[in-house]
Amino acid sequence: MKNDRQQLNALSEKIAGILTFIRDRFDLHEGKEDEIETIEYIRKNVEFRGANLWILIFAILVASVGLNVNSTAVIIGAMLISPLMGPIMGIGMAAGINDFELLKKSMKNLGIAVLISIMTSTLYFSFTPLNDAQSELLARTEPTIWDVLIALFGGLAGIIAGSRKEKSNAIPGVAIATALMPPLCTAGYGLATWNIYYFLGAFYLFFINSVFISLSTYLIVRFMGFPKKEFIDSQRERRVRNYISIFIIITIVPSIYLAYNIVKRTLWEKSAKEFVQAEFDFPSTQIITSNFQYEPDSSIIELALVGKRIGEEEISMIQKKTKTFKLNKTYLLVKQSGDSGMDINMLRSDVLKDLYERNEAMIQGKDQKIAFLEREVAKYAASTGMVADLAREAKIHHEDLIAFSINRSVVANLTENRQDTVLIAVATFSNTPEKQETDRLRSWLKVRTKADSISLILD
């Protein structure tokens, strides 16, 4: 009995030690800045006036240009200089510490920032000669569950980094990861081109990102026990807390509903793609385009096919298999070559687009190979062209030299299992040269050709 108690005590001590180790490792209070300093740090970044406002305008213009020319590097640069994170984190901070004044100020400045951003991008896209929607722009028109997760986890990283004594580069990283700037530019593009779908989709993505960054800030502020704002008047304090609570409910409940719908749509699209890949694998028929339209009550999988026609009975049988892939209330709309409702010009455009996308990687690979071969040919031509000059110069220093050639060769090093490109020179003398003369020729060739290594062969 005594041994059992000792073993139990020893086990409890081990468990307590493990828990202490884990708590120390994951303790957010270590290295934490004073809460008042953190609150002031976020409060300062909320305001949009003067330099902050001009930085926002220029960042929006840079991001718009990046989206316009489809440059990822330019877009990332614009997100780095964007000050949009300030008021979004300010909203979460204000809700966490019951600071109604900070909440109003943050929402007001966020509204100003959003309005100016959309106006600036709309103005740019109204005058730019490049009107095509590039892939970087199209990627910001439809949020997915991954955007929700990135905003949530990115916001958590941002507020934790902001609460440290030593500020890190996490907040600019969060601005890049959550991509607050590009959706606003895309919304401006939607207004400039009168495309309400692009505008709503992009603004929806910005809203999702903003809400979940604010939510993560609120959660960390509450978890770390930031001091709440105190009021002398208890009635005013109760009223402010009620306002904050109503705001949190109004913000969180719709965002949870939206996130739930995004999860459902993402899972549906995944199942729909698996369904199309599995059921429309025909040897003589090819899918040219596929369009997936998700609606909670009635979703549509629209396909355009070319090649051997698929019979109506077979399409009906495939339609019944949608339930196997958990695609309830999903309907197939199949267009085949020869159908009266099929746009031939659109089909031709889709075929060309499909061929381009399928062969783009192959084309890039061939371009790289061609560039490599061109460099090798240039090297060969250079080494071939200087043979006569080198031979004449070598003859001046070595009177017995009667023949000379030089070229680049690939030598396989069997000992080290690698290949080297070596400059090989072949020299023929009328009389056998001494070692001192061959060493002098080898050294001269190495300096003259600027080669790292050279191999001299006496014929």
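This is a predicted model: local features need pLDDT of at least 70, side-chain atom pairs count only at pLDDT 80 or more; totals for chains, interfaces and linings use all residues.

Reply: Residues are numbered from 1 along each chain as its sequence is written, and side-chain values use heavy atoms, with hydrogens and water left out.

Me: How many helices and strands does the protein chain have?

Reply: Helices (H or I, at least four residues) and strands (E, at least two) are DSSP runs, numbered from the N terminus. On that basis the protein chain has 16 helices and six strands.

Me: What percentage of the 459 residues is buried?

Reply: Buried means under 20% relative accessible area, exposed over 50%, and partly exposed in between (1.4 Å probe, protein chains only). In the protein chain of 459 residues, the buried share is 38%.

Me: Over residues 196-221, how far apart are the end C-alpha atoms?

Reply: The unreviewed UniProt entry lists residues 196-221 among its "transmembrane region" features; UniProt positions are given in the numbering used here, feature names are shortened, and annotations may be inferred rather than shown by experiment. In the model this span is 100% helix and 0% strand. Its end C-alpha atoms are separated by 37 Å.

Me: Is T217 buried or exposed?

Reply: T217 lies in helix α11 (residues 196-223). Contact means heavy atoms within 4.5 Å, and T217 touches M89, G92, M93, G155 and I159, not counting residues up to four places away in sequence. Because its relative accessibility is 0%, T217 counts as buried.

Me: Which residues does T438 touch, not counting residues up to four places away in sequence?

Reply: T438 belongs to helix α16 (residues 435-449). With a relative accessible area of 8%, T438 is buried. Beyond four places in sequence, its contacts are P433, L456 and L458.

Me: What is the accessible area of the nonpolar patch that includes F21?

Reply: F21 lies in helix α1 (residues 2-25). Accessible areas come from the Shrake-Rupley method with a 1.4 Å probe, and for residues only the protein chains shown count as cover. Together, L8, L11, I15, I18, L19, F21 and I22 have an accessible area of about 680 Å².

Methods:
Patches are made of residues with over 30% relative accessible area and no salt bridge: like charges are joined within 9 Å, nonpolar side chains (Val, Leu, Ile, Met, Phe, Trp, Tyr) within 5 Å. A salt bridge is a side-chain nitrogen of Lys or Arg within 4 Å of a carboxyl oxygen of Asp or Glu.
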